[in-house]
Amino acid sequence: MSRSAHIRRAALATGTVAALAATLFTTAAASADPARAAAPDIDVKAVKADLDQLQSIADANGGNRAHGKAGYKASVDFIKGKLDQAGFKTQLQEFDNNGAKGYNVIADWPGGDESKTVMTGAHLDSVDAGPGINDNGSGSAGTLEVALAVAKSNLKPTKHLRFAWFGDEEDGMVGSQAYVSKLGADKSKIDAYLNFDMIGSPNPGYFVYDDDARLEKVFKDWFATKKIATEKETEGDGRSDHAAFKDAGIAVGGLFSGADYIKTEAQAKNWGGEAGKAFDACYHQSCDTSKNLDEKALDNNTDAIANAVWQLSS
């Protein structure tokens, strides 16, 4: 995050046979539609393996994955390589800021109505101070594993699916603003943008973006089935990549597990963890490493992302 039935046997009557045939056709078509299937459970071990890789990249490149640094470009290459192998159509969108070249990774899953695109994104860069494993390796890895699940499932959604990993969010959402500024008239084709920035905070909360009622409901309903209380997300308002989309009139939604705000007694009662402590005491610090995560929050939030992608694209 930036600083700023069984069917009964047919009767022999012609009309009944015709009606039964129609019923069979409709049922078969619905059951054969992969987009209507439930989202798969995303293996949190795979998400953590991606985060271990991002940690290794930071360790090999001065301890961070910040814009303009070698660690960021290595992170881009890692994400893009996995998407290319899975069958996505990928591109690197370049931009410049503070005298350095930045990159957005954009990945499109073939098929679906491009005039109704469901877009899922996260920022991939860290601050200079540390490896940025919760902020925002967590959102990046969770989004990556959902994208890979789309490929593994050979999902054939009604709406088009696009995934994005934005650069230089930490300097003021520069990458996402560059992306949105180049959309032009195509911004009307984006049915929804879902943003995931910090989804594995070590003292986690479960916050849902309330910018769009339709998208908010998808997430709240999923958490309700898991008997997990949620709250409206306010800490990150205007501080992450959804801001550029919202300002352009695009419906936005997303999840957040908390940064440097302090967990209250009521929140600790609902979610566990420690009241009186920050949701992430290592926010924007060198200690935001692969140890700075809550696995349960990471797992729950990644599964919630998958559910939203499956639902909203059908």
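Let me begin with a pair of helices. Helix α2, residues 44-59, packs with helix α9, residues 295-313, at an angle of about 110°, and their axes are 9 Å apart. The model is predicted, so please keep that in mind throughout. An angle from 65 to 115 degrees counts as roughly perpendicular, and α2 and α9 are therefore roughly perpendicular to each other. On the α2 side, the residues that meet α9 are V44, V47, K48 and L51. On the α9 side they are E295, L298, D299 and T302. Sorted by class, this contact has 4 nonpolar residues, 1 polar and 3 charged.

An α-helix has 3.6 residues a turn, so residues three or four places apart point the same way.

Now, how does α2 pack with helix α3? Helix α3 covers residues 70-86, and the angle between α2 and α3 is about 150°, with their axes 9 Å apart. Angles over 145 degrees count as roughly antiparallel, and α2 and α3 are therefore roughly antiparallel to each other. Their crossing is right-handed. From α2, the residues D50, Q53, L54 and I57 take part, and they meet G71, A74, S75, F78 and K82 in α3. By class, the contact of α2 with α3 holds 4 nonpolar, 3 polar and 2 charged residues.

The largest nonpolar core has 64 residues, and L83, F163 and W165 have the most contacts inside it. Another core, of 14 residues, lies apart from it and includes A164, F166, Y179 and F245.

Just after α4, N154 has a positive phi of about 50°. N136 is in helix α4, and the peptide bond from D135 to N136 is cis, with omega near 0°.

What lies 7.1 Å from D135, C-alpha to C-alpha, although it is 148 residues away along the chain? That is Y283. Y283 sits in the loop between α8 and α9, and with a relative accessible area of 8% Y283 is buried.

The other helix is α5, residues 174-181. Here 6 of the 8 residues are buried, so α5 is also largely enclosed by the rest of the structure. The buried ones are V174, G175, S176, A178, Y179 and V180. They pack against strands β1, β2, β3 and β4, and against helix α7.

Take V174 from that list. V174 has a relative accessible area of 16%, and buried means under 20%, so V174 counts as buried. Leaving aside neighbours within four places in sequence, V174 is in contact with F95, N97, G167, D168 and E169. V174 and N104 are 70 residues apart in sequence, and their C-alpha atoms are 10.0 Å apart.

Are they buried or exposed? D168 counts as buried at 1% relative accessibility, and M173 counts as buried at 8%. Phi is near 50° in D168, a positive value in a residue other than glycine. M173 also has a positive phi, near 55°, and is likewise a residue other than glycine.

Conventions. Residues are numbered from 1 along each chain as its sequence is written. This is a predicted model: local features need pLDDT of at least 70, side-chain atom pairs count only at pLDDT 80 or more; totals for chains, interfaces and linings use all residues. Side-chain values use heavy atoms; hydrogens and water are left out. A nonpolar core is a set of buried Ala, Val, Leu, Ile, Met, Phe, Trp, Tyr and Cys residues joined through side-chain atoms within 4.5 Å. Buried means under 20% relative accessible area, exposed over 50%, partly exposed in between (1.4 Å probe, protein chains only). Axes are lines fitted to C-alpha atoms, for helices over the stretch in contact, and angles run from 0 to 180 degrees between N-to-C directions. Helices (H or I, at least four residues) and strands (E, at least two) are DSSP runs, numbered from the N terminus. Angles under 35 degrees count as roughly parallel, over 145 as roughly antiparallel, 65 to 115 as roughly perpendicular and the rest as oblique. A crossing is left-handed if the near helix is turned anticlockwise from the far one by less than a right angle, and right-handed if clockwise. Contact means heavy atoms within 4.5 Å. Ala, Val, Leu, Ile, Met, Phe, Trp, Tyr, Cys and Pro count as nonpolar, Asp, Glu, Lys and Arg as charged, and the others, Gly among them, as polar.
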